Amino acid sequence: MHKALAAELAQRSTSGGARRRRRVDSPQGAELTLEGCLCLNFCSNDYLGLAAQPALVKSLTAAAQRHGVGSGASHLVCGHSAAHEALEEALAAFTNRPRSLVFATGYMCNIGVITALARRGDAVFLDRLCHASLVDAARLSGAELQRFRHNDSSDLARRLASGHWRRRLIIVDGVYSMDGDLAPLPELAALAAQHDAWLVVDDAHGIGVLGEHGGGSVEHFGLSMAQVPILIGTLGKALGTAGGFVAGAPELIETLIQFARPYIYTTAPPPAMAATTQAALKMAGEEPERRRHVLDLVRHFRAGAASLGLPLADSQTPIQPLMVASSERAVSLSEQLLELGFWVAAIRPPTVPEGAARLRITLSAAHSKEQVTALLEALGKLWRATAADD
Ligand SMILES: *Cc1c(COP(=O)(O)O)cnc(C)c1O
């Protein structure tokens with residue numbers, strides 16, 4: 001066994017695809033300690049700067065005193081607490097839907113929702129750039145999987161019209177995690193209505209960030225529950241804690257409680273974490289200045305990058321990819337940035353298509369304008385220097 005695995009691992013390193021974990025020695029934040037060295041962090045999904053927010057740390061401590069540490073069992077046995085129920089109600093209000101259901105992670109939520117709603121004889125239409133968890137969920141469901149061209153409604157329309165299925169699901173990310181662009185939700189909602197399909201939006205990167213009240217890409221476009229009946233979000237990104245959720249009609253939530261296996265057959269998340277997420281949600285709602293600040297930083301970063309001639313992807317969200325193309329150059333830029341004290345992730349195939357390697361720069365409300373300016377200066381210098389090597 002060990003030899004067989006070693007051979008596969010060697011293959012992965014020679015093809016340049018080996019990944020390595022880097023050890024963080026401090027809480028999350030604009031500054032953190034990476035393997036003993038202080039650096040500025042531009043790769044987390046902590047868009048509102050809540051992951052280590054002192055009031056939330058206090059809230060978790062107090063909630064652990066009140067609820068203990070573990071939930072003890074799954075939701076359907078004896079692990080479903082008042083804290084979970086209060087969070088469900090708060091998420092429903094936040095997303096302007098009658099009900100919601102909380103899962104241990106966003107990944108499990110996607111698996112649970114899609115496998116409970118679709119089966120053999122159904123079709124699921126996924127944007128080509130959908131998150132891996134949605135691809136896995138679609139495969140596991142047994143439904144026919146069709147992947148349409150990224151944000152291409154006419155490709156989707158053609159596919160929707162070309163077959164007979166019991167049920168059709170259109171599944172998209174609200175904000176694409178490696179590109180930062182938005183799905184054209186109004187067009188997709190119109191197509192769903194026209195073809196009697198159900199629109200599923202995974203808004204992992206939109207919730208808390210977009211929309212006047214932080215309701216995400218669905219609020220940004222002003223869409224109703226009739227237009228987006230199945231809204232999914234994660235709690236570990238802008239909300240700074242951990243978990244996933246789905247919001248929608250009572251019939252949807254009841255169906256998931258009965259049939260979503262990753263909801264039923266797993267230990268309920270710690271109730272103290274649910275209580276803390278509720279506090280984070282309140283903060284996201286009541287402190288719109290966090291949203292405004294991170295979106296101001298996005299504009300500041302884009303203006304600076306434009307004047308330096310840096311090829312950014314067309315994104316208005318805190319995910320700002322710098323398109324590099326070659327994996328080697330992306331990795332080399334990322335390493336040189338780290339030497340200067342900036343942590344920026346190089347994203348390579350298979351996470352993104354061949355020839356589309358990039359630096360995925362993420363901004364957070366925890367950053368100051370000066371820190372973003374410092375990153376721009378470093379990028380400008382290294383970009384020119386590595387272009388000369390090419
Ligand atoms: C991060 C992410 C998930 C998974 O959520 P976790 O809570 O991290 O498991 C699902 N969908 C999208 C689009 C994501 O970016």
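Reader: How many residue pairs are in polar contact between domain 1 and domain 2?
Author: Eight residue pairs, both partners at pLDDT 80 or more, are in polar contact between domain 1 and domain 2, where a polar contact is a pair of N or O atoms within 3.5 Å, one able to donate a hydrogen and the other to accept it, and residues adjacent in sequence count only if both atoms are side-chain atoms. This is a predicted model, in which local features need pLDDT of at least 70 and side-chain atom pairs count only at pLDDT 80 or more, while totals for chains, interfaces and linings use all residues. Residues are numbered from 1 along each chain as its sequence is written, and side-chain values use heavy atoms, leaving out hydrogens and water.

Reader: And which side chains form the salt bridge?
Author: Aspartate 179 and arginine 358 pair up at 3.1 Å, N to O, a salt bridge being a side-chain nitrogen of Lys or Arg within 4 Å of a carboxyl oxygen of Asp or Glu. The count between the two domains is one such bridge.

Reader: Where are the domain bounds, then?
Author: Domain 1 covers 22-51 + 288-389 and domain 2 covers 54-286, with bounds from an automatic or database domain assignment. Their centres, taken over C-alpha atoms, are 27 Å apart.

Reader: What area do they bury between them?
Author: About 1,800 Å² is buried between domain 1 and domain 2, with 61% of it on carbon and sulfur atoms; buried area is the accessible area (1.4 Å probe) that two parts lose on being put together, summed over both. In terms of contact (heavy atoms within 4.5 Å), 23 residues of domain 1 meet 26 residues of domain 2.
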